[in-house]
Amino acid sequence: MIEIPEILPLTDNNKMLLANVHPSDWVNPEPAPGYNLVVIGAGTAGLVTAAGAAGLGAKVALIERNLLGGDCLNVGCVPSKGIIRAARAMYDVKTAGEYCIAGGERLTIDFPAAMERMRRIRAEISPHDSARRFKEELGVDVFFGEGRFTGPDSIEVEGKSLHFKRAAVCTGARAARSPIPGMEKTGYLTNETVFSLTELPARLAVIGAGPIGSELAQTFARLGSKVTVLGHLNDHILPREDRDAAEIVQRAFIREGIELLLPAKILGAATRNGGKVITVEKEGRMLDVTVDEILVGIGRIPNVEGLNLDAAGIVYDPASGVKVNELLQTSNPRVYAAGDICFPYKFTHTADALARILIANALFMGRQKSSALVVPWCTYTDPEVAHVGMYEKEAREKKLEVLTLTIPLTDVDRALLDGETEGFARVHLRKGTDKILGATIVARHAGEMINELSLAMTAGLGLSAIGRTIHPYPTQAEVIKKLADAYNRTRLTPFVRNLLGAWLRFTRR
Ligand SMILES: Cc1cc2nc3c(=O)[nH]c(=O)nc-3n(C[C@H](O)[C@H](O)[C@H](O)COP(=O)(O)OP(=O)(O)OC[C@H]3O[C@@H](n4cnc5c(N)ncnc54)[C@H](O)[C@@H]3O)c2cc1C
């Protein structure tokens with residue numbers, strides 16, 4: 001009997017989601033005598049692998065123990081961006097005084113309705129990842145249940161044995177449990193439960209100031225919670241990002257009333273007088289932070305347990321996941337892996353890109369390398385922070401000589417007109433050339449703007465090519481063109497300037 005996962009609350013929207021991503025009446029098919037490819041895990045990596053391989057004519061089985069769509073659709077990108085949008089709308093209304101619209105600051109948001117809006121959109125997106133689509137449109141054999149290797153070329157699911165020429169481990173990662181004493185007893189939320197809330201916590205502690213913690217901290221603050229962000233490892237939010245970029249977001253957090261206890265040693269948690277009390281040590285002083293809910297976002301743990309990887313001779317590490325070479329092949333040459341289970345950049349778009357490499361290498365003797373990928377990412381705070389390629393520090397560690405150029409959004413007419421001048425675009429070039437090593441953009445829609453730089457890096461175009469590209473006026477993306485203009489100015493050395501001056505003097509005669 002296959003267990004049907006709970007996705008709460010059981011509203012019509014969530015019922016529709018479940019009917020797509022884990023139908024209660026699903027009957028696993030009889031396995032084919034042999035498969036070109038068996039995929040374990042149906043998050044982005046598994047779905048793209050299965051759909052792509054089946055589309056090219058492979059006989060494919062797809063195994064999922066929980067919900068098709070994995071983290072991204074169900075408890076990650078989709079629901080988080082759904083509520084981020086509602087929170088942004090609320091913030092815009094509240095701060096509409098800047099645009100001479102009065103009264104916005106008195107308005108409040110209907111939290112249960114905003115959460116249900118997110119659930120409706122998630123359900124509307126879900127047919128694309130549905131069991132029926134994969135079975136009927138794509139011809140994939142979809143099995144619900146826990147997949148486990150029984151040998152180097154066989155996998156078992158719900159008592160059925162599947163034999164493969166190639167297999168793909170796409171089992172992703174899950175939220176790390178809180179190691180804080182007392183927190184198992186007080187209870188806490190993770191990304192797996194926070195999107196089931198139906199009431200806004202009046203006071204919320206967010207433990208962890210990385211991308212997930214920061215996005216949700218700002219969102220809940222904008223929806224009306226009193227938010228405190230705690231973390232013991234760093235003195236700053238978004239510690240892996242460009243420091244100036246993180247600083248701009250941190251200033252926005254403080255302005256919006258988010259309390260930051262960074263760094264703070266979290267000593268324990270207990271329930272007292274109906275509240276959850278977190279005891280922290282900050283700069284030698286003991287503090288109690290009392291909240292209604294705690295949200296923990298302290299990292300991701302790869303899903304390696306239960307797969308019986310040893311039976312297939314697949315080397316793995318419980319902390320970093322399945323070991324793969326650049327071709328995404330595991331220590332068992334028949335078995336490949338893609339997505340959060342094996343890659344340090346844990347994003348939906350990287351899972352998608354790796355799945356495409358996996359198909360080529362596993363099924364068509366390809367030699368595509370994951371190390372060749374140009375990987376951009378974005379943290380959807382407001383303003384957003386988007387990055388691609390190397391940070392300056394990384395480039396210098398690799399002993400590359402770097403020229404860094406930065407243009408603030410205050411230099412961009414559209415950002416001024418929009419009242420969105422907090423941010424900048426920064427590019428790191430290989431010194432003496434226009435080759436882009438990396439770039440960071442901080443802007444309200446930085447995630448949309450970074451693509452131009454990612455394209456240039458992927459296609460091997462230098463910054464001068466962007467300088468030659470006409471950008472519509474006025475757009476915030478003009479900031480990237482201004483970077484190219486700034487680069488061109490660095491080429492105007494005194495020698496070149498003198499030469500041009502001499503030519504102009506000569507042609508005046
Ligand atoms: C709150 C949050 C917000 C995020 N926002 C973004 C964002 O905005 N943009 C972005 O690019 N990324 C974002 N991410 C990251 C993104 O969700 C992941 O990188 C992506 O889902 C990885 O896909 P995957 O297929 O590797 O793994 P997963 O989505 O984790 O899928 C793995 C699947 O394997 C299944 N599985 C595991 N073990 C077994 C087994 N033994 N048998 C059968 N099935 C098994 C699991 O049930 C799961 O469905 C976010 C993540 C979180 C948590």
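I began with Asp92, which counts as partly exposed at 30% relative accessibility. The model is a predicted one, and I kept this in mind throughout.

I next looked up the partner of Asp92. Its side chain meets that of Arg444 in a salt bridge, with 2.8 Å from N to O. Asp92 belongs to helix H4, whereas Arg444 sits in the loop between strand S23 (436-443) and helix H13 (446-459), so the pair ties together parts 352 residues apart in sequence. Arg444 is buried, as its relative accessible area is 12% and the limit for buried is under 20%.

I then asked which other residues join this pair. Arg88, Asp92, Arg222, Glu256, Asp382, Glu384, Glu420 and Arg444 are linked in a network of salt bridges. I noted a total of 33 salt bridges.

I examined a further pair, Arg414 and Asp418, whose closest N and O atoms are 3.1 Å apart in a salt bridge. Both lie in helix H12 (residues 413-418), 4 residues apart, and are therefore separated by about one helical turn. Arg414 is partly exposed at 33% relative accessibility, and Asp418 is partly exposed at 22%.

I returned to helix H4 (residues 77-94) to see how it meets helix H5 (residues 111-125). Their axes come within 9 Å and cross at roughly 140 degrees; the two helices are therefore oblique to each other. The crossing of H4 past H5 is right-handed. Among the residues making the contact are Val78, Pro79 and Ile83 of H4, and Met115, Met118 and Ile125 of H5. I recorded the contact residues as 8 nonpolar, 1 polar and 3 charged.

Notes: Residues are numbered from 1 along each chain as its sequence is written. This is a predicted model: local features need pLDDT of at least 70, side-chain atom pairs count only at pLDDT 80 or more; totals for chains, interfaces and linings use all residues. Side-chain values use heavy atoms; hydrogens and water are left out. Axes are lines fitted to C-alpha atoms, for helices over the stretch in contact, and angles run from 0 to 180 degrees between N-to-C directions. Angles under 35 degrees count as roughly parallel, over 145 as roughly antiparallel, 65 to 115 as roughly perpendicular and the rest as oblique. A crossing is left-handed if the near helix is turned anticlockwise from the far one by less than a right angle, and right-handed if clockwise. Contact means heavy atoms within 4.5 Å. Ala, Val, Leu, Ile, Met, Phe, Trp, Tyr, Cys and Pro count as nonpolar, Asp, Glu, Lys and Arg as charged, and the others, Gly among them, as polar. A salt bridge is a side-chain nitrogen of Lys or Arg within 4 Å of a carboxyl oxygen of Asp or Glu. Buried means under 20% relative accessible area, exposed over 50%, partly exposed in between (1.4 Å probe, protein chains only).
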